[in-house]
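I opened the notebook to look up a few local features in this structure.

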Amino acid sequence: MDLLPNISLAAFCQQLLVGLSRTTILFIVASGLSLVLGVLRIPNVAHGSLYMIGAFLAYTIASAAGGGTFGFWLALVLAPLGVALISLAVERGLFCRLYEREHLMLLLFTFAFTLVFGDLVKLVWGSDFRSMNAPTSLQGSFDVLGFPFPKYNLFLLIIGPIVALGLWWLTNKTKIGKIAKAAAVDREMVAAVGINVSWVFASVFVIGCFLAGLGGALVAPTQNITQGMDHGIIIETFLIVIIGGLGNIWGALLGALIFGLTDAIGILIFPQFAIVFPYVAVITVLMLRPKGLLKSVW
Amino acid sequence: MLRLENLHTYYGLSHILFDVSMEVNAGEIVCLLGRNGAGKSTTIRSIIGLTPPKSGVVEYKGTDITREKTHLRVRRGIAYVPDDRRVFADLTVDENLQISARETQNGNHWDAERVYRFFPALREIKTRRSGHLSGGEQQMLTIGRALMTNPDLLLLDEPTEGLAPLVVKLLAEQIAKLRDTGLTVLLAEQNQEVSLQLSNRVYIIDNGSIKYTGSVDDLRANEAIRRKFLCI
Ligand SMILES: Nc1ncnc2c1ncn2[C@@H]1O[C@H](COP(=O)(O)OP(=O)(O)OP(=O)(O)O)[C@@H](O)[C@H]1O
Ligand SMILES: [Mg+2]
């Protein structure tokens, strides 16, 4: 069966899988952004920079460990932790003093950090692009209806639901998750039952940034690791968070699906205009539901 | 147990409390009476640290806590029930209680089970989202939540405001029971009936300063004062 005269079902399915793997990365990064936005009320523009740092750190750790399979897994674990550590220092050193300021101030402040992080990356890694390999077990591809489907993308498709499940568990089943939900709405009252809100915010910020780092580490083997890879992701993830409903993690999942799939399918149908499809989808969603698809916490 | 000395509290630039001094002794229920906008909530917020005073001293069990952060005051044994309830609306009744639980050294052992025994109505709705509860149920929950922090001193800001007479009666009975367990209570109220029946001593606040202090019986006898500062 052909959808359009010259597109086979197989090609369609293959693009669908590619779109879903892209969705995984977008979801992981956007959920971190959404978490920070929802609980701390910080529109963290530097989130994309942390994603970039995650990718560069993954490259460095993997090469230091001699590349190969062990290097990859080590990088996947350590790079997000490194990013989390950086974010902890930034939060304790600076952000924690600024929560009472208005959103515009916070926005400008995090924007300043994108410049700082951008220059830091240039200083540490230079301006050449880097690349790293997936472990041999995840190289090559499977056959899907006669088309090759990269094993690494399949790996991403497994990671995505694991992260989503982990986040669900964290926000709904753990004490810190419940406290964070309460603090998102009424931080004064959370303090008034004896909880140190400052540390709750620090934890949420670090978890959110960890997700940016994880996204960066996961994407590293699939593309060139370059200066400027923060720009695209921050725009995309902000749009995802907006259409999903600010601060709503399931909204981030939904938004990432819409963005990832329209992108992948768009390429198939109208290659020349592929880039506009996700944005058209965003505009359509916002015209129909200006506050986002799911309940926004703002 | 609690001593306020010459508090001056501001919201931004507007000066709200003028030279407020009060004392609450262990085991008492002290009532802070005053009209709308008199400064009752501001006094309570000054004590718990949500709106710290610009000058003056808040002393709790002999320690100056004027500049201490709210959560640390709570850990010392001061619990706060706000005037507008403020349950954690996205959480269930049970979760509201669980996240407020705190181990303390003072020998009070409030846990969710004990709160449910104290307010049996809450047990029936423990899995319900607290945002969906009635006003009376929310008020029981905010008191239960405050008890979960194992306080020695409970600050209650207009607990009966806007509630049906039957619920008011129930809450008054339970507050009296809390006093019998040794809990000290500072009760801010407009409602004289309930508060005078519960309290040992009274402060009257008007326009941000303390206008009268005395025993409940003295106030009952003093019609002039009541006419002047309270709506009768
Ligand atoms: N957030 C605020 N910013 C500025 N002024 C405030 C604020 N909250 C209260 N006020 C003012 O402070 C004064 C005292 O208010 P407060 O809430 O302490 O009174 P109250 O005795 O608790 O009254 P009520 O019985 O209505 O609760 C009022 O004049 C009020 O307008
Ligand atoms: Mg009040």
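My entries follow, beginning with chain A and then turning to chain B.

**Entry 1: the model**
I am working from a predicted model.

**Entry 2: T174(A)**
I asked where T174(A) lies. I found T174(A) in the loop between helix 5 (151–173) and helix 6 (175–185) of chain A. Is T174(A) buried or exposed? Its relative accessibility is 11%, so I noted T174(A) as buried, the limit being under 20%. I then looked at what its side chain reaches. The side chain of T174(A) comes to 3.1 Å from the backbone nitrogen of G177(A).

**Entry 3: cysteines**
How many disulfides does a search of the whole structure find? The count over all chains is zero. I checked C209(A) next. C209(A) is in no disulfide, and the nearest cysteine sulfur belongs to C96(A), 14 Å away. A disulfide would need the two sulfur atoms within 2.5 Å. I also looked up accessibility. C209(A) has 0% relative accessibility and counts as buried. C13(A), with a relative accessible area of 22%, is partly exposed.

**Entry 4: the six-stranded sheet of chain B**
I traced the strand order. Six strands of chain B make an open sheet, ordered 6-7-8-3-9-10, with mixed pairing. Which strands stand at the edges? They are strand 6 (78–81) and strand 10 (209–215) of chain B. Each has a single partner strand, so one side of each is left without a neighbour in the sheet. From one strand to the next, the twist averages 15°.

I then followed one pair within this sheet. Strand 3 (residues 29–33) and strand 8 (residues 184–189) of chain B pair in the parallel sense, over five bridges. On strand 8 of chain B, L187(B) is the bridge partner of C31(B).

I also looked up a helix at this sheet. Helix 6 (residues 135–147) of chain B lies across strand 6 and strand 7 (153–157) of chain B. Helix 6 of chain B runs at about 170° to strand 6 of chain B.

**Entry 5: strand 1 of chain B**
I finished with the partners of strand 1. Strand 1 (residues 2–11) of chain B runs antiparallel to strand 2 (residues 14–24) of chain B, and seven bridges join them. L2(B) stands opposite V24(B) in strand 2 of chain B. Strands 1 and 2 of chain B form a hairpin with two residues between them. In the turn, G12(B) has a positive phi of about 60°.

Strand 1 of chain B also pairs with strand 4 (residues 55–60) of chain B, antiparallel and over five bridges. There I noted S55(B), in strand 4 of chain B, as the bridge partner of H8(B).

How values were computed:
Residues numbered from 1 in each chain as written. Chains lettered and ligands numbered in written order. Predicted model: local features only at pLDDT ≥ 70, side-chain atom pairs only at ≥ 80, totals over all residues. Heavy atoms only, no water. Helix = DSSP H or I, 4+ residues; strand = E, 2+ residues; numbered from the N terminus. Buried < 20%, exposed > 50% of the residue type's maximum accessible area, 1.4 Å probe, protein only. Polar contact = N/O pair within 3.5 Å; in protein donor to acceptor, adjacent residues only side chain to side chain. Pairing = 2+ DSSP bridges. Axes fitted to C-alpha atoms, helices over the stretch in contact; angles between N-to-C directions. Contact = heavy atoms within 4.5 Å.
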